[in-house]
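Subject: Handing over the structure

Hello,

Here is the structure I promised to pass on to you. Please have a look at it first, and then read my notes below.

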Amino acid sequence: MTNKPRVTVWIGGAAGDGVASTGDIFCKTSSRMGLHVYAYNSYQSVIRGGHVYYQVQVGADSKVLSQGDDADVLIALNQDTINRHAAHIREGGVVIYNSDKIKTEGIKLGAGVRALGLPVTQLTQAYPGKSGVMQNTLALGALVHLLGLDWAIFEESIRSTFGKKKAEVAEANVSIAKAGLEHAKSKLEPLPLALKGDGKRRSLLTGNQAIAMGSVIGGCKFYAAYPMTPASSIMHWLAPRAPKYGVVMKQCEDEIASINMAIGAGHAGVRSMTGTAGGGFALMTEAVGLAAMTETPVVIVEVQRGGPSTGLPTKTEQGDLWQILGASQGEYPRAVIAPTSVSDAFYATTESLNLAEQFQCPVLIISDLLLSEHMETVDPDTLTNHVPIERGEIIAPWIESHGTNGHGKTEKYLRFKDTPSGVSPRALPGTPDLMYVAASDEHNEEGIVISDVYTDTTTRVKMMEKRMRKVDGLLKATKGPVVDGNPADSAITLVGWGSTLQIIQEIVLALRKEGVKVCHMQIRNIIPFHAAEVEAVLKASKKTVCIENNFTGQMATLIRQETSFQFHHKIHKYDGEPFYFEPLLEQVKACLAPGAPARQVQLTV
Amino acid sequence: MAETKQQLTFASYKSQTPPDWCPGCGDFGVLNSLQTACAALEIDPSQLMVVSGIGCSSNLPGFIRAYGFHSLHGRSVPVASGIKLANHDMNVVITGGDGDGYGIGLGHFVHAMRRNLNVTYIVMNNEIYGLTTGQASPTTMKSTKTKSTPYGSIESQLNPEALALVSGASFVARGFSGEPAHLAETMKKAIQHKGFSLVDVMSPCVTYNKLNTYSWFRERVYKLESENHDSSNFETALKKSFEWDLRIPLGVFYQTERPTYEEEEGALEFGPLVKQKLGLSDEDWKALIKETL
């Protein structure tokens with residue numbers, strides 16, 4: 001058997017056991033060795049107790065596209081973890097556990113699975129009274145041995161995690177890890193792996209961190225939000241950095257205030273954003289229309305989690321597409337973008353900030369818990385702070401506004417001028433002489449409301465058509481779907497949207513390796529919908545399957561509405577967990593077989 | 001060219017659109033007093049931003065020559081907060097009614113006072129919903145019969161001044177549109193105040209409120225300053241805020257100085273956001289990437 005280039009590690013425990021920080025040190029070590037990492041933290045909405053597991057796939061090549069399947073190594077930080085996950089360890093795998101506390105009698109391990117008990121009290125005699133937290137470090141030391149990780153880099157990762165302030169704690173952890181490594185060495189051979197990194201240091205980022213970074217780089221100066229999982233980490237990333245970057249991060253009393261403040265800031269002339277989950281977005285919807293009606297640029301991030309209602313606060317789902325499509329009363333122009341990866345989340349944000357100002361309308365970024373909270377390695381060379389900043393036409397920009405505005409008085413300034421593109425030059429409040437009112441009521445080109453007059457059908461039609469004309473521009477300014485492969489000579493076309501890009505890519509790689517010709521189309525720019533391109537791919541396909549993290553197939557429904565195309569097969573998952581590679585591969589293969597089911601559901605147990 | 005300060009008069013704030021309020025509406029007096037106050041303070045109309053919600057009184061931005069934002073019902077305060085945070089060089093005045101500010105927008109009102117941005121909030125309080133044709137509002141007096149309370153309102157009325165005081169407002173005043181000169185003076189003080197200022201204006205609705213009429217108010221109002229009220233004393237102010245049935249105080253209840261939000265917000269040390277550079281320098285970017293490795 002050849003040595004595996006990729007390995008999957010699960011770390012399980014109760015909330016408060018340090019599962020995430022243990023996982024982070026492992027990710028940091030792997031990343032700094034030049035390995036590729038994809039980590040997913042499956043957690044609960046409790047602060048202490050419950051069950052949490054952190055799943056990491058690490059590999060020597062860039063084919064690390066998901067959290068991996070069953071574990072090669074399971075680190076069980078409590079009894080519950082070993083009881084639940086012993087069956088999820090692969091043949092030849094190892095379970096690491098605290099043998100002082102965790103009982104293995106009655107636990108059935110799979111064929112060839114080895115158990116590595118850590119006598120924590122004995123191994124940490126030099127540090128009495130702290131064995132509770134030290135089991136994590138011991139286990140990490142053992143993991144370094146089993147995976148053949150670089151000790152020096154591991155040590156550096158521990159030190160950088162604890163920082164200079166806690167140098168003593170860092171030293172203690174290094175010695176304890178060493179004890180764990182020595183113990184493991186005395187008991188077991190390392191796994192047969194080929195985990196040699198290329199030595200290139202990559203950024204370890206979550207989707208939300210990428211969105212937050214993208215906001216700053218894209219010139220966002222104002223971010224308003226109310227805490228809500230899984231969007232809060234955007235706020236958490238910005239809060240400590242915002243003041244030094246000249247960005248106001250405003251925590252508001254609720255989501256209604258958040259979006260309205262962002263609209264106020266956008267109207268005043270700064271790039272502004274807000275972010276929330278589905279429930280918070282439900283509260284924001286009226287104001288989305290306000291931004292469209294007053295032609296105010298604003299970017300809204302909606303990070304989906306399991307719904308409806310409070311639903312599954314810490315679990316992933318793609319169930320809010322139609323909420324976003326139906327948000328706010330009336331009809332108005334807007335863009336909806338579903339980023340497909342962590343680096344795409346960065347660029348989707350900078351792009352959204354441009355579109356919002358160029359077209360003076362709301363732009364929605366639709367993410368989900370998986371994309372926003374999973375961590376992966378990103379080549380830092382693919383990220384840049386030199387992104388284009390397109391602000392659209394602003395009359396007498398602030399820099400010049402201290403003098404005269406240069407706008408001739410012969411022609412009256414019309415804030416909402418009816419132009420061929422539907423976009424009217426903006427005068428920011430404070431610009432001398434160009435006073436106008438931006439109104440949520442229907443208004444004329446000057447901004448004077450027509451809602452209170454007896455009837456003014458002509459102006460209404462003119463203004464409606466002016467705003468809706470922006471849709472044509474938005475369609476031209478955004479790209480069609482990402483297509484990999486030729487639908488006509490492929491056995492099947494796989495379709496997904498947003499965060500499922502990478503798992504579907506993993507399926508595509510596997511099928512092609514088996515000699516199956518396959519095409520993959522990922523929808524990223526949802527509104528305006530690039531119907532012609534999507535339809536062309538689907539109509540050229542022999543078989544089609546739409547893969548979505550929801551119950552009803554919201555993208556399939558949208559595609560049918562926009563193109564009248566009906567998918568042959570659908571694969572759904574709405575159990576709160578992301579798709580897993582092995583079952584998804586089987587389900588896609590089932591679609592290729594005769595008499596394939598029209599609808600398959602994936603369930604992770 | 002923008003007017004020089006010397007050229008600014010009452011007429012400088014006159015909009016081309018005439019108000020569409022009912023003849024006799026209290027809001028005319030409020031608009032008039034606001035224009036008088038702005039002229040007296042020589043505020044450049046280009047540097048004045050009037051933000052409202054929805055309701056009869058929220059139409060005010062259309063009737064004053066200034067930058068305006070006529071937002072959603074109840075959302076004037078957050079919209080104005082965003083504007084002020086983005087450009088704190090602007091003079092921001094929020095206008096609206098009792099339903100807009102004390103009903104649907106109440107949550108924002110309370111938090112705005114904690115926040116203490118340097119903005120002025122003028123509420124045209126007519127104790128009724130006017131634009132929706134006469135339902136009970138949060139300030140409708142108990143037992144009042146309205147379209148939505150035909151047997152008399154069961155809920156007690158909200159006390160905006162007391163609420164403002166306990167919510168941490170740094171300036172709390174009441175005006176009456178039947179006393180325009182006094183109202184203009186009160187507005188001047190409010191606009192000049194550094195921090196959040198509330199002017200709750202008794203602005204009678206001649207169409208739907210047959211109880212709280214001009215004469216009803218005239219029989220009750222008196223001026224706090226004529227009774228040597230100490231507006232720096234919080235306890236006295238709170239006590240005065242509970243006077244209503246027999247005597248209704250007008251003028252400044254309370255005024256105190258504390259740092260404004262914009263003074264304490266670190267990002268604004270570089271000046272108004274709208275005048276700041278966008279993005280990050282290469283040096284900051286490199287440091288940021290290093291953090292992620």
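Predicted model: local features only at pLDDT ≥ 70, side-chain atom pairs only at ≥ 80, totals over all residues.

Before we start, a word on naming: helices (H or I, at least four residues) and strands (E, at least two) are DSSP runs, numbered from the N terminus.

Pro308(A) sits in the loop between β11 (298–304) and α11 (321–325) of chain A.

**Domains of chain A**

The domain assignment divides chain A into domain 1 (6–201), domain 2 (204–382), domain 3 (393–478) and domain 4 (482–601). The centres of domain 3 and domain 4 of chain A, taken over C-alpha atoms, are 42 Å apart.

**Two helix pairs**

Two packed helices are described by the angle between their axes and the distance between the axes. Take helix α7 (residues 207–217) and helix α8 (residues 232–245) of chain A: their axes come within 8 Å and cross at roughly 30°. Angles under 35 degrees count as roughly parallel, so α7(A) is roughly parallel to α8(A). Their crossing is right-handed. On the α7(A) side the contact is made by Asn208(A), Gln209(A), Ile211(A), Ala212(A) and Val216(A), and on the α8(A) side by Ser233(A), Ile234(A), Trp237(A), Leu238(A) and Tyr245(A). Seven of these residues are nonpolar, three are polar and none is charged.

Next come α9(A) and helix α10 (residues 278–293) of chain A, which pack at an angle of about 25° with their axes 8 Å apart. These helices are therefore roughly parallel to each other as well, and α9(A) passes α10(A) in a right-handed crossing. Glu255(A), Ile256(A), Ile259(A), Asn260(A) and Ile263(A) of α9(A) meet Gly280(A), Leu283(A), Met284(A), Ala287(A), Leu290(A) and Ala291(A) of α10(A). The contact residues here divide into eight nonpolar, two polar and one charged.

**Where the chains meet**

How many residues does each chain give to the contact? Chain A gives 57 and chain B gives 50. On the side of chain A that touches chain B, the largest share, 10 residues, comes from α9(A). That side of chain A is made up of 35 nonpolar, 12 polar and 10 charged residues.

One residue to look at here is Ile263(A), placed in helix α9 (residues 255–268) of chain A. Is Ile263(A) buried or exposed? Ile263(A) is buried, because 32 other C-beta atoms lie within 10 Å and 20 or more are enough to count as buried. Leaving aside neighbours within four places in sequence, its contacts include Ala287(A), Leu290(A) and Ala291(A), and also Val79(B) and Gly82(B).

**Two asparagines in chain B**

Finally, two residues with positive phi. Asn116(B) has phi near 55° and lies in the loop between α4 (106–115) and β4 (120–125) of chain B. Asn228(B) has a positive phi of about 55° and lies in the loop between β7 (221–223) and α8 (234–241) of chain B. Asn116(B) counts as buried, with 23 C-beta neighbours inside 10 Å, whereas Asn228(B) is exposed, with 6 other C-beta atoms within 10 Å.

Best wishes

Notes: Residues numbered from 1 in each chain as written. Chains lettered and ligands numbered in written order. Buried ≥ 20, exposed ≤ 12 C-beta atoms within 10 Å, placed from the backbone. Contact = placed C-beta atoms within 7 Å. Domains from an automatic or database assignment. Axes fitted to C-alpha atoms, helices over the stretch in contact; angles between N-to-C directions. Parallel < 35°, antiparallel > 145°, perpendicular 65-115°, else oblique. Left-handed = near helix turned anticlockwise from the far one by under 90°. Nonpolar A, V, L, I, M, F, W, Y, C, P; charged D, E, K, R; others polar.
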